[in-house]
Amino acid sequence: MAEDVLKSGNLPENPERATLEGRNKFMGFWFFLGGEVVLFASLFGTYLALRNSTVDGPTGQEIFGLGLVFLMTVILLTSSLTSVYAMYHMKNNDFKKMQLWLGITVLLGFAFLGLEIYEFVHYVNDYGFGFSTSAFSTAFYTLVGFHGAHVAFGLLWIISLMIRNRKRGLNLYNAPKFYIASLYWHFIDVVWVFIFTVVYLMGKVG
Amino acid sequence: MADNTNSANQTQKKQFYKKKHREQMKHQVITFAMMIAFTMLAFGLVMAEVDAMFTVPIILVLAAVQVLFQLYYFMHMAEEGHEWPAAMIYSGVFAAVLTILALTIIVWW
């Protein structure tokens, strides 16, 4: 069994967990996600505690626009589905289609990030809602910005994988890498579901 | 000869898995449609300005269900061999609930 994993054409059913290295990555990454849950919980807790401390600055109810948030939600949710499509093609050992769907995921991710930047610029310029305007604004930008940074990191991660492996094709060495990047991308969506519910929707309700 | 049956088996296996994957993908698309529906329901409730005492619990439940869909189907936690991932995420959720409770109760007190 001196088979080169960089050239394996016949992938097993779960290529992401077929090697010891892959299994370790898989396990370690879920461990990391457990930690990320706690990290975001501290940011959510801070936000919930400070969301009414607006001092003289604007409140969430005044500035949040649900139309934009809905659009961002649909874009991110769709990008989650497109990365599921990418993993579907990975399991069928179709490297080109996997790359294509990852590419679509990346484009949607950039659209989301662009809208978020637009949103922040809009708050700062039109409402004078800066990072240090109030405890509420600081908690808001920290929580939502941290999520945005996760999106940016996820994009860089997926793009790097796509470029680095473009000539290698799919194999037992890089299948776990792609799989884990897609888990990360789904996790970003998990966090966003709570952000749009707790920050925007509950902020609008008051 | 042995090689022939072997490769015939291989193609058969491949076709079987392809079909299985297509079935799974269909479920994923249904999951996606339901998540979009939950999102629209949550936004709709807030936009229709239904009473906050009613809206807030409902949208929190909708978010929780949507996240479970994401974890169990999109992130494959429903598939075999995900006992440890589940243990890790639920430990995280446990600590998360404590953190959020502690921080909000301190301020509310």
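Below are my entries, in the order I looked things up.

**Ground rules**

I'm working from a predicted model, where local features need pLDDT of at least 70, side-chain atom pairs count only at pLDDT 80 or more, and totals for chains, interfaces and linings use all residues. Residues are numbered from 1 along each chain as its sequence is written, while chains are lettered from A and ligands numbered from 1 in the order in which they are written.

**Chain A, overall**

I started with secondary structure: chain A has six helices and zero strands. Helices here are DSSP runs of H or I with at least four residues, strands are runs of E with at least two, and both are numbered from the N terminus. Along the sequence I read the pattern α-α-α-α-α-α for chain A.

Next I took the box. Along the principal axes, the C-alpha atoms of chain A fill roughly 70 × 30 × 25 Å.

How much of chain A counts as buried? I get 45% of its 206 residues. My cut-offs use C-beta atoms placed from the backbone: buried means 20 or more other C-beta atoms within 10 Å of the residue's own, exposed means 12 or fewer, and partly exposed is in between.

Contacts came next, with two residues in contact if their C-beta atoms, placed from the backbone, lie within 7 Å. Of the contacts in chain A with a separation of 6 or more, 81% come from residues 24 or more positions apart.

**UniProt spans, chain A**

Residues 100-118 of chain A are 100% helix and 0% strand, with end C-alpha atoms 27 Å apart. Residues 138-163 of chain A also come out at 100% helix and 0% strand, and their end C-alpha atoms are 37 Å apart.

**UniProt spans, chain B**

For chain B, the unreviewed UniProt entry lists "transmembrane region" at residues 29-48, 54-75 and 87-108. In the model, residues 54-75 of chain B are 95% helix and 0% strand, with 31 Å between the end C-alpha atoms. Residues 87-108 of chain B are 100% helix and 0% strand, and the end C-alpha atoms lie 31 Å apart.

I also looked up the domains: chain B splits into domain 1 (2-78) and domain 2 (80-109), with bounds from an automatic or database domain assignment. Over C-alpha atoms, the centres of domain 1 and domain 2 of chain B are 23 Å apart.

B:Ala87 sits in helix α3 of chain B and counts as partly exposed, with 13 C-beta neighbours inside 10 Å. I got 37 Å between the C-alpha atoms of B:Ala87 and B:Val50, which are 37 residues apart along the chain.

B:Pro57 is in helix α2 of chain B and is exposed, with 10 other C-beta atoms within 10 Å. The C-alpha atoms of B:Pro57 and B:Gln28 are separated by 27 Å, at 29 residues apart along the chain.

**Positive phi check**

A:Val55 has a positive phi of about 45° though it isn't a glycine. A:Val55 lies in the loop between α1 (20-50) and α2 (60-63) of chain A.

Buried or exposed, I wondered about A:Val55? With 9 C-beta neighbours inside 10 Å, A:Val55 counts as exposed.

B:His76 is not a glycine either, and has a positive phi of about 60°. B:His76 is in the loop between α2 and α3 of chain B, and it is buried, with 22 other C-beta atoms within 10 Å.

**Where the chains meet**

I count 41 residues of chain B in contact with 39 residues of chain A. On the chain B side, α1 (2-47), α2 (52-74) and α3 (83-108) are the elements that give two or more residues. Which one gives the most? That's α3(B), with 15 residues. By class, the chain B side has 29 nonpolar, eleven polar and one charged residues. For the classes, Ala, Val, Leu, Ile, Met, Phe, Trp, Tyr, Cys and Pro are nonpolar, Asp, Glu, Lys and Arg are charged, and the others, Gly among them, are polar.

Last, one helix pair. Helix α6 (residues 175-205) of chain A packs with α2(B) at an angle of about 175°, with the axes 10 Å apart. Axes are lines fitted to C-alpha atoms, for helices over the stretch in contact, and angles run from 0 to 180 degrees between N-to-C directions. So α6(A) is roughly antiparallel to α2(B), the cut-off for that being over 145 degrees. Residues meeting there include A:Phe194 and A:Thr197 from α6(A), and B:Ile59 and B:Gln66 from α2(B). The residues of the α6(A) contact with α2(B) divide into 14 nonpolar, five polar and one charged.

Definitions and conventions:
Parallel < 35°, antiparallel > 145°, perpendicular 65-115°, else oblique. UniProt positions renumbered as here; feature names shortened; annotations may be inferred.
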